[in-house]
Structure formats: C-alpha cells, structure tokens
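Subject: Structure for your review

Hello,

Here is the structure for you to look through. My notes follow below it.

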Amino acid sequence: MRPAPFRFNVICPVLAVLAAFPAVAQVCEPGEVRILVKDSQEAAIFDARVQLGPEPEVFGVRVTPATGIAEFVNVPCGNWTVRANKEGFAEANGTAAVTSDAAIELSLILLPEINRSSVEVSDTVSPVQQSVSENYELHPAEVKTLPSNPATVIETLPLVPGVVRSPFGELKIDGSGEERSSLVVNQSDVTDPATGRFGQTVPVDSIETVNVLSTPFLAQYGRFTQTVVAVETRRGGDKWHADLNDPFPDFRIRSYHMRGIRNETPRAVASGPLLRNRLYFITALQYFLDKVPSRTLAFPHNESKQERLNSFSQFDLVLSPRQLVNFTYHFSPEHTNFVNPDYFNPQPVTPSYAQRNYVATLADHYGLLGGTLDSSVSMQRFHTFIGAQGDADMLWVPEGREGNYFGVQTRDSWRREWLEIWSPAPASFGGSHQPKIGTSVTVASDRGHFSFRPVDIADSEGTLLERVVWSNPGSYSRTDLEVTAYVQDHWSPSARLTFDYGVRVEHQRLASNLRIAPRSGFAWTPFREGRTVLRAGYGQFYDHIPLDVYAFSRYPVRTVIQYAPDGTVLGTPVQVLNVIGSATGPQSFLVHGQRVAGAFSPRGFTWNAQVERRFSRWLLARAVYTDNRSVGLIVLEPAVYQDAQEIVLNGDGSSRYRQAELTAKFSWANDGNLVFSYTHSRAEGTLNAFDAFLGNFAQPIIHPDVYANLPGDLPNRFLVWGRLHSRWWNFSLLPTLEYRNGFPYAVFDAFQNYVGVPYRDATRFPSFFSADTRVMRDFRVNPKYALRLSLTGFNLTNHFNALAVHSDIADPQYGIFFGNYHRRYRFDFEVIF
C-alpha cells in the first residue's frame, strides 16, 4: 500500500512561526491611499477636490489630474474619511481603513449636482451609489492574497457570481464561454481577434480595478452578448515601492520523498516616480512554471507542463495638470505541453500550445472645458501554434482516445484600434445631464494554415466503425474593418431618480451589416435616507464576430468512411463540404444589410431588475434578477443540400440565461470583509457553438445541433470569500468556500452519437464543495522591508469533487465518477519592500 500523501509534517512548525513574536508584528507603519474619482459612466473626473480626513483634522487635499486619481502617502493607521467634490457635481464620501503599510484603493462616484434637499443622508451610514449599470468591482488588495493566489485578471473572475471554472479549466461566464464576452483594458479591446477568447491577461499587481458588468446599459460597451470585463491599470506612486512574491519553488513530495519541482511562480512589481511629479513608472513581471497533475491519470504520465512569462509596464507623463499621456506594453509568451490530459485523453493524445502576444497602447487624457477628452491608439499581435505529440492517427474508442491529436495549425492575427471619447461637463436643463460621445475604428487581420490527420472511431473490441480523413489542407487570410459610434446620457431629473439611455451603432465589413443597439435603464431611491436603490434596465447587445469564422471555408474538407463488422467499406465514402451560410435567424429592423453568406448578427436582449440596500456601515446587500435571450448565434450544423453533405456555419443559434442573485458584503474598518453570494440560474441553448471546432482546439466530431442545457449550466451556487484580521496576533484568515451543483454531461454511444437529450439534469456530476483557507502574517524586519509567511489549505473537508465520468454506454465502466483533488497544503514566503 502506498503511504499517505504529505500533509501534516510542516503544519505545526509553520503555525508556530506565524504565532511567534506578536509584539514585533504589532508596529503599525503608515500606508498609502489612492482615490479614483469617476462619474456614473466610469469616466475619470478631472479637477476634482479630494480631502482626506474630517475638519479640522485634515491630513491632506489633492486635486485630481486627467486620470481622476488622488494619492496620499505616509498616511497614519486608522479610519479616514474621504470627501470628493467638483463644481457641477454633488459631493461623494467614503472611508479608508489604513492598516500597517497598506495600500488602500477607493473609488468615489460623483453624480451631477441637483437639488438634493429631498434626500436626507445619515451621518453614520453612507448612501448607496445611484448609478443604473451597477457592476461587480474587484480590487487587488481584496483578492490577490486569497487561497487561490490569483496572479492575473482572469484568475480573479471566479469570485464573481455567475463566473466559474469547469473541470477542464474553461471559464464559464453566465453559462457560456469566453467568446461571448468582452475584455477591455483601459477602454481598449484585448481579446484575440481570431477566436474572441481572452488569452493571457494583465498581472493582478498592475491593475487598479476589475469591473464585471453582466448588464451594462451604457452604450460605450459593445462586442458581447453576455458580460463585459473592464480592467483599469494603475500608475506608479509618488514613492518607490516593490513586492516580491513566491520567490521559492514548490517541491513535489510523493511517498515522503522529493520528486523534483512541482511549480515555480515568482512574481514581482516595482513602481515609483522617474521624474518627481512628472513621470511615473510601474512594471509587473511574472514567471510561471507549473506541472499540473491530473488526478484521473497515474504519475508520472499525468502532468500538463506549462511555462509562461507575463510582463506589463506603464509610463505616465504629466504634461500639465489637465493633460496626461500614458504608454502601456503587455508581453505574454507561453508554452504548454500536454494540454489538459485526463483519463480519456492521455498525454500522447493531447495537443501542445504555444503563443506569443503583445499589446501596446498610447493614450492621451486631456481636461477640456470642464470635461475630459480621451484618445488612444492600440496595437496588438497574437502568434499561435497548436501541434501534436506525434504523427500517429487519432483513435476514438468508448474507453477514451489513443494515438495523437489530429490537428496542427499556425495562426498570426493582429488588431489596430483608434478610440476617441468625449465626456463634456454636466449640463442643466430639465434636471442634470452628463453626456458622453465616443467612436472607434478597428482594423484586424487573421492568417494561418491547417493540417489535419485521420481520425478513427472503433468499438470496445477494437473493431473499426468509421474513419474520417481530411483533404485540401489550406492557408487562409482575412482582414476586417469595424467602425462604431455611440452617444449616451446620464439624466437626473431629481435627486432620487436617474436615467441612463443611449444608442450604439456598429458596422463590421465582413458581416456586411449595420447594427443598432439601444439601451436604457433607471435608478430610483424611494426613501429619503438614500440607503435603498431600485434599478432596472433593458438593452440590446451584439457579439463581435471572430475572424476564424470567416476562415471556415478554407478548413480541410472531411471525408467519412463507414465500415462493416468484417472490415469492408459500407457504401461510398462521403465528402462533407465546409459552407459559410447566412444569417438565418429572426430578422430585426435594428440590423440593416443583405442576407448574404457570412452576414451574421449575433445579438442578445437583456433586462435586469435589482434592489440594493445599505443596512449599516458594515452591511451592504443586493438582490438581482437578470434575463438574457440571445438569437442569431453562430453554430455549426450538419446538413444535406441537393444530395451533397455539408457542415454549414449558420446564424440560427439561440440561448437563454436567467439568474437570481443574492449578495451580502460585510465590511469591518480594520478587520477585513466577507462576501456572501447565492445564485440560482439556468443556462440553455444550442450546443454546436462555433468555438468547438473553430477555436484553438478543434474537436473532430460534429454532432447534430440540439437545444438543451448548456455545459456550463449550474442551477445553484453558494460562494463565500473575504479576509478576517486579528489585531492582537496581527494575522489574517482568508477563507474561500464554494458549494454548487455539478456540471451536466452528455451520454454517447460507440459511434459518438448522443444518447437521449445531452446535458440534462439527470446526468450531472455530483455536487461540488470546497473549503479553502489561508493563514497569513507579516513580519516587519526594518522600516523598509517586511516578510510575509502564509499557510494555505485546500479542500479542507476532503470532499469528493469528481473530475471525470465514464459517459459512453459502450464503456464497461459506464456511469462511474472518478478523479479528485484531496486535501493539500501550500506554504508561501514573500518579501515586501
């Protein structure tokens, strides 16, 4: 019998170290406070006055530059009142709780000034923000020390209700894949123009905020039908600061023996002024080497070997108090050998993946006539290679796959984008108006080459049932031009009622149509104390169409050969053509263009209603209901046309996502916060989304399109995360608990056909439960340096969370769930400068 895995032999010494020297760790060093002042439409506000501390004990006053950021350094520990105001806007206030050597970030939203005598704000409880498009905002200080130890933006997203990772590592956002959502960094689209996926995202150490908007009724957001992830990066501070995290590798321990390095994930950040009060700099660098084990395979042939570098740098040049120019550069090469191996896809069957991305952006923020003019130019490039472990044919049997991955492709895509956004000063007629006008011009290109090898389908006895061969391996090249414009307004006819309304117009040349997207919503404060807000809205949204869609006709053509039990060929081999169809979904008077091949217009219709109330300084609660109906989605579907077999890329897919969410956030001045959320949701739609074959890792078998539960459907999910701090012992406890239903799965026969309705409620993984906790403590070495020691426990209850299931009825083990990550621990050591 194999000895029990390494678990407890380091815990007691580590806990002893964390508990030692309480008096040394209680010295409270001054911290930093960064205030981001913005309007209800997420635009930075220039020339706002920010005051830290109440009268007469004012610590300092700052006037925001074009970035809307006010910074205070060497702020003593304690709770500080923050006030921000500007002519034409109502004052906003908040509280910054400064702990030892902490970097506190706080966002304040200024609303246009109107008669507010009808609103009575309590002196002890702040009102909630009266904005229509309420978002879910994440701050690095809150999330980067959690047990998951998120290093990039994408790794923080599962903390948001409606966002979860599948057992295969895919990110599911409102039940769908990344390709239906949008990722913008500093207002620029950074998704891969070829696939629409996020790719490697910005390091968490270089971000100011991450805003996740599932229902943004602001016309400035586009190119999505599900969710927008909007990231704002931060500039360097007024004094130099550096962090070094995870400098030492984690070793693999098996049977009480060291078996090499398991992972090495050092990351560092440095920031400060290059020229005082003039030029600021920040850079974040991450190196990631990880040998990710699959618990459905035996060691040592169960690892995915991942290596990547993630570098983000930003320069901010203050030309004058009203003008700021910044330059950002993001470089992120990565290589993965053995992508997602598991029991059904052992290492030889898995593809390899290599990519090299860079994004460079030059932006100018200019305060003009009481408003702000934002101009930016972005240049992006994505080099991708997907290969196989060898040249053998791929064999598909009920028990799994054998041979090598069938597809090899190279891809080179790029995007050039020019943005102009004008946020004028508020206007007063019929109340207060805060308009915004924007436009963008985007040129994108995608070129590449495919080469596919044969795929065989056999039964459990090894009898060949079907063979798919590919011909005409081809190259492709596609270039697209997209022009968008929008206008929106935030109108406050009274102090307790506001409206957001606007329209966005988009034209994508390859799609051959003009799309109009109206949005509107309101926020109403029904009670005079201003602690309750009701919000509702409706909008129409359009997906950006990835360029790989228009390369489909250049994909290799498949020929299907079927065999009798004696090995003879049945009938005549059938050649299946790749055809780009037209927009066969419902027509809309908001979409103008000819119904020609490729004239797709995937769109979503979303309405939302929510109530939010601040019960006290430490409790904010929210209840939300969202309904999203999408039509015109791009799907693949086998078809017969005039006796010819075809796989048609059509625009007749549809989906529906409904979610009820309850969220409560408990915040304590110095002791941290806890976020509780429960979501009840249903995700259903057509299953043959284009990404299954046109994404990075093509699947060789295309089933008939079916409307059913989506693979990301999760009816119930309960999530708790946050930070608790002990003042006496000066250590922090960071828990993350998650309970949810299991994902649904499809049942197949030996020919890989669906058996019954796929992904139904009767075929789900067992319920998932995970309790993770991190215990963390900082030790001050001297006024400039500190050490951070932490111990993290994963799946502390050792709950069985199945990773795979035998879902083929011809498999002798059909219906058995297996694979699980047992209870495990991790020790971290960090240096803070």
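Two strands are taken to pair if DSSP finds at least two bridges between them. Helices (H or I, at least four residues) and strands (E, at least two) are DSSP runs, numbered from the N terminus. This is a predicted model, in which local features need pLDDT of at least 70 and side-chain atom pairs count only at pLDDT 80 or more, while totals for chains, interfaces and linings use all residues. Residues are numbered from 1 along each chain as its sequence is written, and side-chain values use heavy atoms, with hydrogens and water left out.

Sheet

Three strands form an open sheet in the order S4-S1-S7, with mixed pairing. Its edge strands, S4 (69-75) and S7 (103-109), each pair on one side only. From one strand to the next the twist averages 15°; axes here are lines fitted to C-alpha atoms, for helices over the stretch in contact, and angles run from 0 to 180 degrees between N-to-C directions. S1 (residues 31-38) and S7 run parallel and are joined by seven bridges. Lys-38 has Ile-109 of S7 as its bridge partner.

Backbone

Most residues other than glycine have a negative phi, and most peptide bonds are trans. The bond from Phe-299 to Pro-300 is cis, with omega near 10°. Pro-300 sits in the loop between strands S19 (279-293) and S20 (303-320).

Asp-246, not a glycine, has a positive phi of about 50°. Its loop lies between strands S15 (241-245) and S16 (250-254). Asp-246 is buried, at a relative accessible area of 5% (buried means under 20%, exposed over 50%, partly exposed in between; 1.4 Å probe, protein chains only). Asn-277 also has a positive phi, near 60°, and is found in the loop between S18 (267-275) and S19. Asn-277 counts as exposed, at 53% relative accessibility.

Cavities

A cavity is a set of points, on a 1 Å grid over the protein atoms alone, where a 1.4 Å probe fits but cannot get out; lining residues have an atom within 4 Å of a point. Grid points are joined across faces, edges and corners, and a volume is the space filled by probe spheres set on the points.

The whole structure has eight cavities of 30 Å³ or more.

Regards

Note on methods: 1 Å grid on protein atoms, 1.4 Å probe; cavity = no way out; pocket = protein on both sides within 12 Å on 5 of 7 lines; lining within 4 Å.
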